[in-house]
Amino acid sequence: MKKNSAKILTKSIATVVLLILNIGLYAQTDTLARRKSDFWEHVQFGGGFGLSLGSGFTDVTIAPSGIYNLNHFVSIGAGLQGSFVSQKDLFSSTIYGVNVITLFNPVEEVQISLEVEQVRVNNYFEMVGGPNKKVNFWNTGLFVGGGYRMDNVTVGMRYNLLYNKDNNVYSDALMPFIRMYF
């Protein structure tokens, strides 16, 4: 009988030890799961959408993006962009590309940005009395910007340091922007 009681006691102790170890391992797994999901607490998505329609004119732009908040002052991110612009019987343009952005928030209401953009531009011109013309090129932009930030929305201006009036997709180096991240 004593051997049987010793076996039962040994099995009981082993079961309790295994349960305690299992709870400890579960707690570790739960902590790791929380650490992994912590990444997504710092991610924000946003971007821009533009639509302009007129008499024979169309301009559609889609630009989704995402940022990762390193802390309250610095964020880094990337985005895609695509646009189609057309003036009936005159020209059409398709633009698509990527961008990388760094945002600095020295104080809550002020946002400073540095953005690198690489886009492919495909222009098609309908020439009156002559052959139509295609102009395709890559365009790189390096933008420095600043704006006023209200919660998730920033309104400001950015300047393209690589602007070249002879070979550019933009009509001016200085551009207004509205940036939203949720």
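**Strands, a salt bridge and a patch**

Mentor: β4 and β5 form a hairpin with two residues between them. This is a predicted model, in which local features need pLDDT of at least 70 and side-chain atom pairs count only at pLDDT 80 or more, while totals for chains, interfaces and linings use all residues. Residues are numbered from 1 along each chain as its sequence is written, and side-chain values use heavy atoms, with hydrogens and water left out.

Trainee: How many bridges join β4 to β5?

Mentor: Start with the terms: strands (E, at least two residues) are DSSP runs, numbered from the N terminus, and two of them pair if DSSP finds at least two bridges between them. Here 15 bridges join β4 to β5, and these strands run antiparallel. Phe91, for example, stands opposite Phe125 in β5.

Trainee: And what joins β3 to β4?

Mentor: Strand β3 (residues 74–87) is antiparallel to β4, with 14 bridges between them. Gly77 stands opposite Ile101 in β4. The hairpin of β3 and β4 has three residues between the strands, and Asp89 takes a positive phi near 60° there.

Trainee: Which side chains meet in a salt bridge?

Mentor: The general idea is that side chains of opposite charge can pair when their charged atoms come close. The rule asks for a side-chain nitrogen of Lys or Arg within 4 Å of a carboxyl oxygen of Asp or Glu. By this rule the count is one salt bridge, and Glu115 and Arg158 form it, at 2.9 Å from N to O. Glu115 lies in strand β5 and Arg158 in strand β7, so the pair ties together parts that are 43 residues apart in sequence.

Trainee: Is Glu115 buried or exposed?

Mentor: Buried means under 20% relative accessible area, exposed over 50%, and partly exposed in between (1.4 Å probe, protein chains only). Glu115 is buried, at 6%, and Arg158 is buried too, at 12%.

Trainee: Which strand gives the most to the nonpolar patch?

Mentor: Such a patch joins nonpolar side chains (Val, Leu, Ile, Met, Phe, Trp, Tyr) within 5 Å, from residues with over 30% relative accessible area and no salt bridge. Areas come from the Shrake-Rupley method with a 1.4 Å probe. The patch here has about 900 Å² of accessible area together, and its members include Phe104, Ile112 and Tyr159. β5 gives the most, with three residues. Tyr159 is in strand β7 and counts as partly exposed because its relative accessibility is 40%.

Conventions
Patch = residues over 30% accessible without salt bridge, like charges linked within 9 Å, V, L, I, M, F, W, Y side chains within 5 Å. Helix = DSSP H or I, 4+ residues; strand = E, 2+ residues; numbered from the N terminus.
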